[in-house]
Amino acid sequence: MFSTLKAMPADPILGLLSQYRDDPRGEKIDLGVGVYKDILGNTPILDCVKTAEQRRTATETTKVYIGPAGSSDFNRLIAELAFGEQHPTLSAGRIRSVSTPGGTGALRVAADFIKRCRPGATVWVSDPTWANHTGLFEAAGLKVERYPYYDYTTKALKFDEMLAKLNTLGENDVVLLHACCHNPSGQDLSTEQWDRVVQVAVKRGFTPLIDMAYQGFGDGVEEDAYGVRKMAAAVEDMLLCSSCSKNFGLYRERIGACSIIANSSAAADVALSVLLYVVRCLYSMPPAHGAALVETILGDNQLKQQWLDELKVMRDRINGNRAILVERLKAIGVEQDFSFIARQKGMFSFLGVSPEQVEQLKQEFGIYMVDSSRISIAGISDSNVDYLAKSIAKVLQG
């Protein structure tokens, strides 16, 4: 059986990380891996998480299965965080959530759920989108197509083209939207653009699937949820996939959530039964530890405020990195306009250089990024931004 297998291509980002680690040069920069890094280049454990972990260790009495849906307190709190405590769908009992193994697990649960609801559904993803989106949906047996999104020339949204495509879709289509901090472009919908997308969703009747992996990393926890809340209030059916990897720094704990919004509480109960069957067939029971930490933090006013404060530090650092890179490039006389980087949000942006220039940055200067020139903004620091800017300038000069 195994002799017929052909090796799969290595993940380009993980391959970059390996090359970076093997590079003996003292002056080198990793702009590939999409994890938050502090000013020293570390990915720290948040203080609020440390406190929650101490409480968890002191009070946990069993390691028995938690159940396919996960903790009911976590599911309630994560839904309130995403939708807002006073959202009409919550008060109407139209939302059901399950905890999942990270945001990726949430997306796979959503994919299998969609397959059971509409076996012939087409999932539409933005062009570009997170590299793993297509594989996750195709693995569930769903057809994947792309709608226009990012213009590599103007460094802005192809919003009119996006709306034109969405206006051709219907009830057998699912449209994946990034709630905030679009991965990989960093180019988000404005509130006015979200309003127009919501209007099209209502008119055309397609099912929105919103991926929210970075709530709090863009403009703020409330601001970043604008599109989620606006869409949920307007449509009859919707799915939301959330992740706690970035905003809680719980990367290795693998905790996320999949939420469904149905047109009534009774319909939500039926949908939940299908969702739980999907979970049972995929991984049976979710991990408990990360969910316990998140519910401890969100369920304690003091810890929640500490989390919001720590999240603001991460957000301000990323936004500051964007601004300083643009500033340094301009200060050393680079004529090409990089101001779009400061206008974008979240962990990523496209630098806008060619694959050949990406390779030159790696070979000559030890600066690592994927071929598309997508850079992880968190990899920039006060200690390397001048070297980065000068290296980019040299490559642009030819």
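## Overall size and packing

With 398 residues, a compact globule would have a radius of gyration near 21 Å. The protein chain has 21 Å, so it agrees with that expectation. This is a predicted model. Along its principal axes, the C-alpha trace spans about 65 × 55 × 55 Å.

Of the 398 residues, 53% count as buried. The protein chain exposes about 18,000 Å². Carbon and sulfur atoms supply 51% of that area. Now take the contacts between residues at least 6 apart in sequence. Of these, 75% join residues at least 24 apart.

## Helices, strands and the annotated domain

The protein chain holds 15 helices and 13 strands. UniProt lists residues 27-392 as "domain: Aminotransferase class I/classII large", in an unreviewed entry. This span is 46% helix and 15% strand. Its end C-alpha atoms lie 14 Å apart.

## A parallel pair and its crossover

Look at strand β3, residues 122-127, and strand β4, residues 143-148. They pair in the parallel sense, over six bridges. The chain leaves β3, passes through helix α6 (residues 131-139) and reaches β4. This β-α-β crossover is right-handed. Within the pair, W124 of the protein chain stands opposite E145 in β4.

T122 is found in strand β3. Is T122 buried or exposed? T122 has a relative accessible area of 11%. The cut-off for buried is under 20%, so T122 counts as buried. Leaving out residues up to four places away in sequence, T122 touches K143, E145, N172, D173 and V174.

P128 lies in the loop between β3 and α6. The path from β3 to β4 runs through that helix, α6.

Another cis peptide bond joins N183 and P184. Here omega is about 25°. P184 lies in the loop between β7 (173-178) and α8 (191-204).

## Two serines with positive phi

S284 is not a glycine, yet it has a positive phi of about 70°. Where is S284? It sits in the loop between α10 (265-282) and α11 (289-298).

S373 also has a positive phi, near 75°, and is a residue other than glycine. S373 lies in the loop between β12 (367-368) and β13 (374-376). Its relative accessible area is 1%, so S373 is buried.

## V33, a buried loop residue

V33 has its place in the loop between β1 (29-30) and α2 (47-59). Its relative accessible area is 18%, so V33 counts as buried. What does V33 touch, not counting residues up to four places away in sequence? The answer is I13, L17 and S376.

How far apart are V33 and Q193 in space? They are 30 Å apart, C-alpha to C-alpha. In sequence, 160 residues separate V33 and Q193.

Terms used:
Residues are numbered from 1 along each chain as its sequence is written. This is a predicted model: local features need pLDDT of at least 70, side-chain atom pairs count only at pLDDT 80 or more; totals for chains, interfaces and linings use all residues. Side-chain values use heavy atoms; hydrogens and water are left out. UniProt positions are given in the numbering used here, feature names are shortened, and annotations may be inferred rather than shown by experiment. Helices (H or I, at least four residues) and strands (E, at least two) are DSSP runs, numbered from the N terminus. Two strands pair if DSSP finds at least two bridges between them. A crossover is right-handed if, with the strands pointing away from the viewer, the path from the first strand over the helix to the second runs clockwise. Buried means under 20% relative accessible area, exposed over 50%, partly exposed in between (1.4 Å probe, protein chains only). The radius of gyration is taken over C-alpha atoms; the globule rule is 2.2 Å times the number of residues to the power 0.38. Contact means heavy atoms within 4.5 Å. Accessible areas come from the Shrake-Rupley method with a 1.4 Å probe; for residues, only the protein chains shown count as cover.
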